[in-house]
Amino acid sequence: MISNNQVDLDVLIKACECLKEYFVKTNNTERKPVEIFLALLSQSTEYIESGYVASDLFFDANDICRRSDNVKADYLAAKDFITRHRKGFDKLVKDNIKDISHFCSLNNVGYLPIIKSTDSSGGHKAYFYIDLIPLSDNITLEVGLKTKRSIDSVVIEYSVPQLPKAVTWAKPLLNLKISGWKFYSYIGLPILAFVIAYCLLLWNLFALSNASLIYTIIMGSVLGGLYYLLVPFYEAISKRIGIAPVWLTKLKIVSSQLRYVRTESKRSNGKPIRALQLVVYQAKCPICGNEVLIEKGKYAHKGRLVGVCDESPREHIFSFDHATKRGKLISYVF
Ligand SMILES: [Zn+2]
């Protein structure tokens, strides 16, 4: 139904936040066209945080009117209002494009958010959404126009179509900024486990009894269980990205990753505080066009994450670099 299901949510959020900052700095936030954009942005952000995919981020005129405190009597009035101010938004951006481009480039943002709508002919409701266009011709059109790429290329480009929500009971494990005592408990837990295991071993060596054996078995199971539960988090923290355990996400998400992202806050030594975040990296196979999902590498690629094609999982295997979102075709055996 809508065309922006290839939009990368990381890029979308960054570009929108940058434009928002521009409007704040230039005292434009009180203007109706900007209000519409900000309403659309806050609604989209809420959806992204709730785990919706990029292609779900479209809203009807009533939604946006309500969100921007411009409630209208009926749908038609709301649609007219949004359509009018959407044009105003286009004009405002066009009139200031030089300034905006400059501001975006200073913030390392290469894309410009625009408001788009779906076709409303034939009595369908029109839906509005934010799309991105590249700010400079030097930037490849990787966000909006991925399908136009030549499929002969063996370079693969990954995108982030979703930041899924964790299952309710696991939320406290994520969403926390890892600093202070949390950081020390991250280091402290394995040490504690080691000390307990060592004490139990000594106890068994010097005074083997039923009690010592039972305690060892119980502690062994507890520590083993904890290891199984926590190892993906440790991997994500030390390697910056790992495969998310299946129990962390809702069933309909086939494959997701855990990444350790920088937050806005800084530690006392100036380094950014990081937090764990669930994310889905995906790509289209440049060889056959099927879906590529991220998996743990096997055999020669042990210890790496690789992109594996759904159609040809033995041959269409790609390297995966979450920082550049790019990869190359790699073969199984060197
Ligand atoms: Zn393939």
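How many bridges join strand β10 (residues 291-296) to β11, and in which sense do the two strands run? There are 5 bridges, and the strands run antiparallel.

**Reading the model**

Residues are numbered from 1 along each chain as its sequence is written. The model is predicted: local features need pLDDT of at least 70, side-chain atom pairs count only at pLDDT 80 or more, and totals for chains, interfaces and linings use all residues. Here pLDDT is the predictor's confidence in each residue, from 0 to 100. The protein chain averages a pLDDT of 84, and 90% of the residues score at least 70. One stretch to treat with care is residues 138-152, where pLDDT stays under 50. For that stretch the model has 19 contacts beyond four places in sequence; two residues are in contact if their C-beta atoms, placed from the backbone, lie within 7 Å. Where pLDDT is low, the predicted coordinates should not be read in detail.

**The chain as a whole**

The protein chain has 7 helices and 13 strands. Helices (H or I, at least four residues) and strands (E, at least two) are DSSP runs, numbered from the N terminus. Of the 334 residues in the protein chain, 27% are buried. A residue is buried if 20 or more other C-beta atoms lie within 10 Å of its own, exposed if 12 or fewer, and partly exposed in between, with C-beta atoms placed from the backbone. Among contacts in the protein chain with a separation of 6 or more, 57% are between residues 24 or more positions apart.

**Around strand β11**

Back to the opening strands. Besides its 5 bridges with β10, β11 is joined by 3 bridges to strand β12 (residues 317-319), again running antiparallel. Two strands pair if DSSP finds at least two bridges between them.

Another place to look is an open sheet of 3 strands, ordered β1-β3-β2 with antiparallel pairing. β1 (59-60) and β2 (111-117) stand at the edges, each with a single partner strand, so one side of each is left without a neighbour in the sheet. β2 and β3 (residues 127-134) pair over 7 bridges, and S117 has F128 in β3 as its bridge partner.

Helix α1 (residues 9-25) lies across β2 and β3, at about 95° to β2. Axes are lines fitted to C-alpha atoms, for helices over the stretch in contact, and angles run from 0 to 180 degrees between N-to-C directions.

**Helix α7**

Helix α7 (residues 210-239) has 30 residues and should span 44 Å at 1.5 Å a residue; its end C-alpha atoms are 41 Å apart, which agrees. The expected span is 1.5 Å times one less than the number of residues. A kink of about 45° lies at L230, shortly before the proline P232. The bend at a residue is the angle between axes fitted to the seven residues ending there and the seven starting there.

Most residues other than glycine have a negative phi, and most peptide bonds are trans.

N108 is exposed, with 8 other C-beta atoms within 10 Å, whereas R240 is partly exposed, with 15.

C104 and C18 are 86 residues apart in sequence and 6.5 Å apart in space, C-alpha to C-alpha. With 22 C-beta neighbours inside 10 Å, C104 counts as buried.

L248 lies in the loop between β7 (241-243) and β8 (257-266). L248 is buried, with 22 other C-beta atoms within 10 Å. Leaving aside neighbours within four places in sequence, L248 is in contact with A166, V167, A170 and L278. L248 and P164 are 84 residues apart in sequence and 9.9 Å apart in space, C-alpha to C-alpha.
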